[in-house]
Amino acid sequence: MNATEVLKFAEDNKALMVDLKFVDLPGMWQHLTVPMSQLNEESLNEGFNFDGSSIRGWKSIDDSDMKMMPDLTTAKMDPFTEVPTISFICDIVNPDTFEPYNRDPRQIVKKAFNYLKSTGIADEVFFGPEAEFFVFDDVRYEQNSSSAFYSVDSEEATWNTGRDENGANLGYKPRPKEGYFPAMPSDSLHDLRTEMCLELEACGMEVERHHHEVSTAGQGEINIKFDKMIEMADKMMWFKYVIKNVALRNGRSATFMPKPIFGDNGSGMHTHISLWKNGDTLFAGDKYAGLSEDALYFLGGILKHAPAICAFTNPTTNSYKRLVPGFEAPVKLAYSYKNRSAAIRIPNSGANPKAKRIEFRTPDASANVYLAFAALLMAGIDGIENKIKPGDPLDKDIYGLPREEAEGIPSVPASLEQALSNLKENNDFLMKGNVFDQDLIDAWLDYKWDNEVAPLQQRPTPYEFHLYYDI
């Protein structure tokens with residue numbers, strides 16, 4: 001849509017307010033709302049000023065003026081505001097030059113895509129993330145100098161089979177690791193997920209399926225159809241917004257935290273990727289599992305750079321509570337056909353070559369999806385440009401390997417601290433085409449270390465009292 005069409009769209013939908021959304025460095029939406037009277041062709045072309053020093057990981061207070069520019073193609077009505085509100089996703093620019101701000105994650109994914117085209121390797125890349133989440137009925141947590149605790153609860157959680165629910169405990173509560181696909185009444189959240197699906201479709205996403213996931217306590221998954229990289233990154237921001245707000249209006253709380261409960265599966269974001277050129281896939285061929293040579297090089301680049309990529313695809317300390325053996329999340333950097341125990345799976349996609357793709361199973365939805373997609377694409381490009389061979393596939397249950405054999409296979413980092421160290425040591429592949437720059441890498445490392453790694457290292461946990469108080 002152009003400016004005239006956007007204004008007509010707002011008028012047709014009786015919009016009274018305008019919501020301007022943008023993503024901060026960690027990956028959360030921020031927003032500014034103005035009355036409809038402030039939306040005109042001039043403001044759409046000139047943008048809206050704001051204080052960048054109050055946004056995490058961005059400007060200092062002595063250089064804080066920034067400008068958000070609405071992307072007119074992203075205009076839609078917000079489904080959760082009481083007053084009719086038109087919403088835009090914005091790009092961030094410097095107000096004096098209108099040059100893209102180098103720490104704006106949405107600008108990074110645009111630069112990554114433009115770099116892909118400049119190489120001549122491909123002219124399109126598709127992403128298909130599958131984000132899992134939990135829906136809880138009660139969430140409480142606290143951290144201060146003398147105490148710390150968290151508590152999550154769900155009516156369907158297995159730990160509540162013996163709870164007195166005023167005569168209403170009917171016992172249909174999935175056991176640990178038995179939440180995958182049970183029908184109602186064990187699947188108590190079917191109608192809630194259906195409501196989420198309808199809102200996602202109303203926001204322009206094509207929903208493919210929804211189901212209960214493996215874990216007890218309300219784990220679910222909703223799959224939306226793959227799309228081009230920039231469009232898919234935008235859709236994932238709407239996806240998380242819709243899931244959280246539908247849960248909230250039903251008196252529940254949704255979280256994409258990778259490992260919110262102990263002793264059961266966590267939530268991942270398995271990410272499907274394929275390259276295309278001139279309308280044809282570049283990933284179908286006559287090599288292993290029906291892949292092309294370029295597809296093998298692409299996944300070779302991801303496997304090589306995965307220890308650094310994890311700083312973006314698994315960017316929280318909690319991410320590494322999920323990346324442990326025994327809970328389905330892949331920790332070994334191997335690839336395999338149909339094999340969900342490998343970090344990269346080649347799905348059995350049938351005879352249609354257009355469906356050929358790779359699936360990187362390590363990421364989770366705590367990621368800033370713009371930075372994660374860009375990092376994955378840059379690693380794959382590096383694999384193709386340098387003909388990085390991935391080695392032999394590992395066509396066996398990697399979770400069941402003898403310890404001696406498993407120890408010979410490279411692993412994902414064991415902590416966010418390790419992932420950040422790998423990123424610090426290996427980031428040249430991200431710098432090609434000035435997609436990422438040193439300032440952004442340093443800002444990411446500093447933010448993650450100062451706000452997540454170091455504070456967690458300094459705080460005792462309840463389990464440490466369990467282990468050590470009587471020493």
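Visitor: Leaving aside neighbours within four places in sequence, which residues is Met-236 in contact with?

Guide: Pro-129, Ala-131, Ile-224, Met-269 and Val-369. Contact here means heavy atoms within 4.5 Å. Before we go on: this is a predicted model, where local features need pLDDT of at least 70 and side-chain atom pairs count only at pLDDT 80 or more, while totals for chains, interfaces and linings use all residues. Residues are numbered from 1 along each chain as its sequence is written, and side-chain values use heavy atoms, with hydrogens and water left out.

Visitor: Where does Met-236 lie?

Guide: In helix 5, residues 229–249. Helices and strands are DSSP runs (H or I, at least four residues, for helices; E, at least two, for strands), numbered from the N terminus. As for its contact partner Ile-224, the C-alpha atoms of Met-236 and Ile-224 are separated by 9.3 Å, with the two residues 12 apart along the chain.

Visitor: What makes Met-236 buried?

Guide: Its relative accessible area is 3%. Buried means under 20% relative accessible area, exposed over 50%, and partly exposed in between (1.4 Å probe, protein chains only). So 3% puts Met-236 in the buried class.

Visitor: How many disulfides does a search of the whole structure find?

Guide: That search finds 0. Take Cys-90: the nearest cysteine sulfur, that of Cys-203, is 16 Å away. A disulfide is a pair of cysteine sulfur atoms within 2.5 Å, so Cys-90 is in no disulfide.

Visitor: Are Cys-90 and Cys-310 buried or exposed?

Guide: Buried: Cys-90 has a relative accessible area of 2%, and Cys-310 is at 0%.

Visitor: What is the peptide bond from Met-184 to Pro-185, cis or trans?

Guide: It's cis, with omega near 10 degrees. Pro-185 lies in the loop between strand 9 (148–153) and helix 4 (190–202).
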